[in-house]
Structure formats: structure tokens, C-alpha cells
Amino acid sequence: LRGDESDLIIRFKASMGLEDEDAAAAHIEVGRRIFRQRLETGDKEAAFEERQSFQKLVYVSNLVFGDKSKFLLPWKRIFKVSDAQVDIAVRNNSQSLLQAQLDATKGEFTVDNLKELRALQKKYKLSDDLAADMVRAEARKRVEEYINQALDVLKARTRIKDTTKVVDDLDAMRAYNAHLAALAKSASADDLLPGIGPVSVFGGEYDTDRQMDDLKLLYKTYLSEALNAPRLSTAQTEALAELRNTFGMGKREAEEASDEVTRKVYRRKLANLVTGGELDRAASKAEVLQELCDSLKFDPEKAAQIHEEIYRQKLQQCLADKSLSDNDVAALNRLRVLLCVPKSAVDQAHGDICGGIFTKVVDDAIGAGIDGYDGDMRDAVRAAVKGLRLPLQSALDIATKAVRAVFLTYIKRARGTMSRAEGARELKKMVIFSNLTVSQLLDDIRGKTDEPAAAASAATGEGSGPAVKAEDGKPEEKEAEEGYDDEMPLLQSMRKTKGQQKEGKAQKEVSVKDDLELRERLDLYKSFLLFCLQGDTTGMPMGTSLTVQRDTSDFIRLSQLGDILGLAPAEVSSVHQGLAEQAFKVQAQTLLADGQLTKARAEQLKIMQRELGLPDAAAQKVVQSITSTKMAGAIDAAIKAGRLSVDEVKQLKESGVDIGSMVAEKVRLQMFSKLVQKEFEKGTGDFDEKELLEKLPGDLGLEEDVARKTVKEIARERLKGALVLAVSNLRQKKPDQVVAVLNNMLACDKADAATESLTWAVKEELLDLYSLFLSKHDAESSAAGRMRELLGIDDATAASLSEIVSKGGFNLDVDNSVEENFVF
């Protein structure tokens, strides 16, 4: 289609004087012919051409009849064509016509041709969305042409690249996008073809990950050319932002590319400042470096990182022969001043690089073992310390770290052994390694020599001896020097650790205190202590073993093992005391099997304690624990049999036995309750408050509040049943029992005073109870008055009964054969 077919047909229809209905029939007839030809042909290509012809007919017919085509042209009913197929025919043909017009512009858009294209879009009945996509695609092609031209320059097989041509092409691309942006603002949106405006590579041939690398290369080239200027201008920064948007680069990608290029340019310009002497002549190096960062708009922190990298590179070059000469140190100091490298960064660089070299030297020295650490190896260590010029503490830290790793290897092997003796042998090797290799290594790092130390040791008697000479010539224990308190017990096994050392010199600087938990270190020390006490074993035929003679020098190594494990003197003492207590306990349990501690047995226990060097407090604690355990068993048996009395509990308490732990509180409370009940059954009417509420609870280890509560509960319960019991005895003619019960009622009342009088259905029986009570008590006594109140008898009746009793008028017939006869 050329685009003018609809106009020609409309004019031809008008010249023929045809109505739309008649002309529509002609269109339908042409469609039938095309449709029939498509069905009759057997060639796929011919059928495709006929289909395209039918779509063109549908499109042109819709343009000719306009909105009437929906009624005049029933494509769906006649040709079984759906509305979607009709829309596709209209869309494809309208796009084809508009694309032909866009191709004619070659991407050179102006206000006039955009208005003409807008009119054609409406004429062709193309939607705004599709037209906008076509316009953007056409503009993108023009942008891609600029990109292709720039890439051709960069990828040309020439030694020298014309980067200025690349910049010109990219600037032309930016100018084209700026022109599109200006066009979009020059007229109203309805006058121009939609979609006009700046475009990016999204949706085009460069919208792939592989092509993005080429776009990054263009971006870096443009930035590099911009940074070659004395200062990066604001216009160049804006141009870079436009390029990033056009290329579709993310913020992170653009920052990475910018950082890479800026670093290279910064390094190049910094090298020029150093080699040209400008930085040396500058009064303030920091100002010159800051000015360089500002000109490149480079982050000063990143510049500082580059300075540190340069310093590290220079340091590695100086350490090519694994030592630093005076000239090397001077050159490094000059570079540090020029680049304003902080001292912390310098120390870190020396620690990493020089420390790495020294670490290898230390590893070789340690790996040589006990026999391999000879004079040559020691010279190598001293030369490394001196040549690398490491701070003493840094060198010691490196050596400490390496030695600790070896110590942990020994400990791991010791844990993995099958027996305690094998594990102790590994720990023994670790101690010997520490004495012969580690101590010499630390001395070599400090620059010490053996000869003066040996001479001083021989002259003063210091070193590994058990004691030093005091002014009076007597040996003086070195407990204070070893960190032991004067009051800390020095057990027998600990005294043996103060002997003469066999090999090398002990060191206390390197330990595994920070690598192992305290419990693990104590277990290792205890295991080696048991090995020292029991001795080494050797295998014998038939699967047996024989304990060989114990090596007393192992106790010296035990003390050194405590230093390697980082154990404090108190912790070491606790291990020795624990084993001594365990041994003493086993012997004491055998001696005190029956729980009886006699004078002879006490003397034997004292001898055992002296042999083990166990303190008195610890020995007494063990003996008390054994006797208490035996006694607890006897007490438990007595409680189960019901044979434990209050008097026995008092005796136990007087003997120093902890009643609270030996006898359960429930049992003691039951014993207290039984005793209180007995007090309420005496029939005397007395209640000793001090005895029952203060002294007895104290003897039984009961709280006073609990005792008072228990007494009140018992008194309250017994008071309720006492009246019934008294009446029962009255009816049985047992006057003595009646009086005893009434006295018990008074005792209960003293323990827990009743708030109301007692009630009974037969009042005459209450009067008889009171009369019997008066026969044994004075009517004016407080007991009689309180009994009257408890029985609820008024004053007049009480006075009458008192008079009758005093005159002998009251008599209770105790003869069972005679009927009850109450005489008043």
C-alpha cells in the first residue's frame, strides 16, 4: 500500500454516483474472490500472499467507509473472520504505512514533519501507543548509529585509538537526545507525533548483558577524556549523567566504572606530582593532594586507600631480600610523608607484610622441632627480627600465636590417646618442647644470649633450684616468687614440683589460657598429676602391664605444665588438694566403716593427713562428712522404726549434728505434735508456754511461728472433743477421769483461748461437770472461773453450785448397781 488508495477509491465511488451500500457489496465481492483463490491454491507462499491481499482489502475498506464499515462490511459473518483478526489487519497495515513515512525522515525529526506524521497517524487509524513505540524505535536506531561509530573507533585494530572521535560521536548522540527533548517541549502533545523525546538503548540491540560491556567501555573512555582536563567541570559531570541514562546503566555500575577510571587517572597524576618534584616542594602536602581530589571529584577516603596501596607496594619492593636497609627505611619515610599516610596504616602494613615473612621464619623454627632448632636456625630468627625491624611486641605476638597452635596440637593428641599414660607422654613432650625450643625462641627474639644468663645463674644460684640462699645461709622457700599465698597450703605433691629442672629453661609467657576453658585445663593438669603419682607403665606379655619406677622430674614438668596451661596458683592448689582429699577420704572410709571415731582412729587419721600434707580444715571436713553420713543412716533407720525420741534429737544437737539436714522437717514436726498432745493429756491443766513454744521448737530446729501454729491447731481440735469425753466419763460415773478431762480443756484453752462458751444439749450435765470440777478446785480460783465461762454457767447458778459442793451436798454415786441419783 502507498497510503492514497482510500482517497482514490472514495473519489472514484463519488464519480460513479454509487451509494455506500452498493459500493460495500463490491468490496464484499472482491473479498469473496480473494478468499476463494486462497482456498483453491495449493502453494503456501501463494496462500500467504492471498491472505495479505485480504488483510489489505479489509484495511482499505475500513478507511473508505469509516465507522459504517461495521455495518456495511460483515466480515465475520461472511468470511468467518473474528474481530481480533480485523484489528490485526488494521494494525499491521497502518504500522507499515507509518513506518514507511518514518523511514523517509531517517530519524531527523522537526516540528513540521512531526505534525505531518501526526496527521498521517490519524488518517491511518493507528493508536497513540503503537505510534509512540515506532517513533522511539526510530530514534533509538539513530542513537545506535552513533554508538556503532564510536565502537568502531575503539575496536579498530590500530595501536593508537582516536578517543577524541569517540567523544565527538557520543557528544553528537547527546545533542540528538537534547534535540528530541526540545521538540517535545516546542508544541502541544496533540500537535506532534506521540513518543517524541530522549531515548535510551532499552529495547534495542544493546539491551543485552554482552553489549552492556561495550557501553561501559564507551562510558569509561568518555570519563577518561574528561578527567584529562585540569579539572572536571560541572558540564562534563552532567554529560556523564546523560550518558549513564542513555546507556541504561545502574547507579552501582556507573559508580564502579567511574571509580575504576578515576583511580587510574589519580594514580597517573599523583605519579607526575611525585616525579616532577611538585609534591616535594609543596609546603603542605595535604593541600596539594586535596586539590587533586577536588579537581577529579574523587573521594579523599578512596585516595587515602590508594596511598596505602602505594606504600604497601613500595614496602614489598624493599623487602625483596627479606630485610630493610637504612636506605629503604629512608625511602619509605619519604613516601609516607609525601602521601600523608597515617602511622596506624604504616604499622598495619609492616605488621601484615613483615609479619608474614617473620611468621614463615617462626614456623620453620618451630617445625624444626627440639633437635632441629640449632645455631643456624637461631641465627636466622635473630637476623629476621633485626632485618625486618619489627617492633618487639609484634614479633613476640607472632611467635606466641605460632607456639600456641603447636601447644594445642600436643593437647589434641593427648586427648585422642587410648590411655592416661599415653596422653601424659604427649603432655610431657609439650613441656620439653616449651623448655628447649620455645624459651630459646623467645630469647632469640629479644636478642638475649645464653652465656651471660648461665653465668648469672651460676653466680646467684637462681634458675630452676628449689630454694635460694638467705642472708643467714638457710634455704628460703620460693612460694612468694611463684605467686603462692603464705596462707595457701603446700601439699606433699606440690612440694615435689619445686625440685631441680632437668632440661632447658622454663617459660611462662606463652600459654593456652585464652584457647581452652578452665575446666579443660584443670582436667589436663589433673591427668598429668595422676601420671606423676602413679608412674609410667610398660607392656608385658599376656596383655599385662607393669608400673616402672616413678620419675621425680615429672613433678617439675607438672609445675611447668601449669604455667603452659595458664593456671593460677590457687587453681593448681585446688587440683592437688582435691586429689589429696580424695585419697584421704578413701583411707578414712575404710577406717571409719562403722561411723565411730575413737581416739586411736583419730591418731591414725592424723598420720594419714600429715603424709598427704592435707590442711586440718580439709581433713576435718572429710571426717565429718563420713561420720555424718554413717550417722544419717542410723538416724534414718531409727525414724523408719519409730524409735527416735525428742531426747535423742536433743543429744544429737548437743553433739554438733546438724539436725536440719539429718532429720526431715516433717518428721521433726510430727515429733513436736506428739509431745504437745501428751502435754494436753496429762490432766493437770498446766501449759508451759516457754517450754513448748520456745525451747522445744529450738531443740527440734523448728521455726517459732510454725510451732505456735501447730500448738493452736492441736488445742483447738482437742478442745472440741474434750466436752464429749467429759460427759461420757460423767455418765459412766468416773469422776477422776472427768476432772482430768476438764483440766485438759483448761490446758487447751491456755494454748488457744476460746472466744465462745461450749454448748451442750443437756444443761444438767454441764452443771454436774462444774460441780465435779469444784469438788477438786477452789471456787475462787481462776481455773474455776475460766471453767464456768467455758461451760456457759451464769454467776448465780455457779454460786449456788459452789455452796452446795462446799456443804457436801453434791455426791456422784459410783456404784453401777444403783441408779443415778443427783442430790442437790
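The model discussed here is predicted.

Q: How many nonpolar residues does the contact of H8 with H9 have?
A: Residues of H8, including Val143, Tyr146 and Ile147, meet residues of H9, among them Leu170, Met173 and Tyr176. By class, this contact of H8 with H9 has three charged residues, two polar and, as nonpolar residues, 13.

Q: Which class describes the pair of rings of Tyr146 and Tyr176?
A: A search of the whole structure finds five aromatic pairs. In the pair of Tyr146 and Tyr176, the ring centres are 6.3 Å apart and the planes lie at 50°, so the pair is tilted. The pair links distant parts of the chain, with Tyr146 in helix H8 and Tyr176 in helix H9, 30 residues apart. Both residues, Tyr146 and Tyr176, are buried, and the class of their pair is tilted.

Q: Is Phe433 buried or exposed?
A: The rings of Phe407 and Phe433 have their planes at 90° and their centres 6.2 Å apart, so this pair is edge-to-face. Phe407, Tyr410 and Phe433 form one aromatic cluster. Residues under 20% relative accessible area count as buried. Phe433 has a relative accessible area of 2% and is therefore buried.

Technical notes:
Residues are numbered from 1 along each chain as its sequence is written. This is a predicted model: local features need pLDDT of at least 70, side-chain atom pairs count only at pLDDT 80 or more; totals for chains, interfaces and linings use all residues. Side-chain values use heavy atoms; hydrogens and water are left out. Rings of Phe, Tyr and Trp (its six-membered ring) pair if their centres lie within 6.5 Å; planes under 30 degrees apart count as stacked, over 60 as edge-to-face and the rest as tilted. Helices (H or I, at least four residues) and strands (E, at least two) are DSSP runs, numbered from the N terminus. Buried means under 20% relative accessible area, exposed over 50%, partly exposed in between (1.4 Å probe, protein chains only). Contact means heavy atoms within 4.5 Å. Ala, Val, Leu, Ile, Met, Phe, Trp, Tyr, Cys and Pro count as nonpolar, Asp, Glu, Lys and Arg as charged, and the others, Gly among them, as polar.
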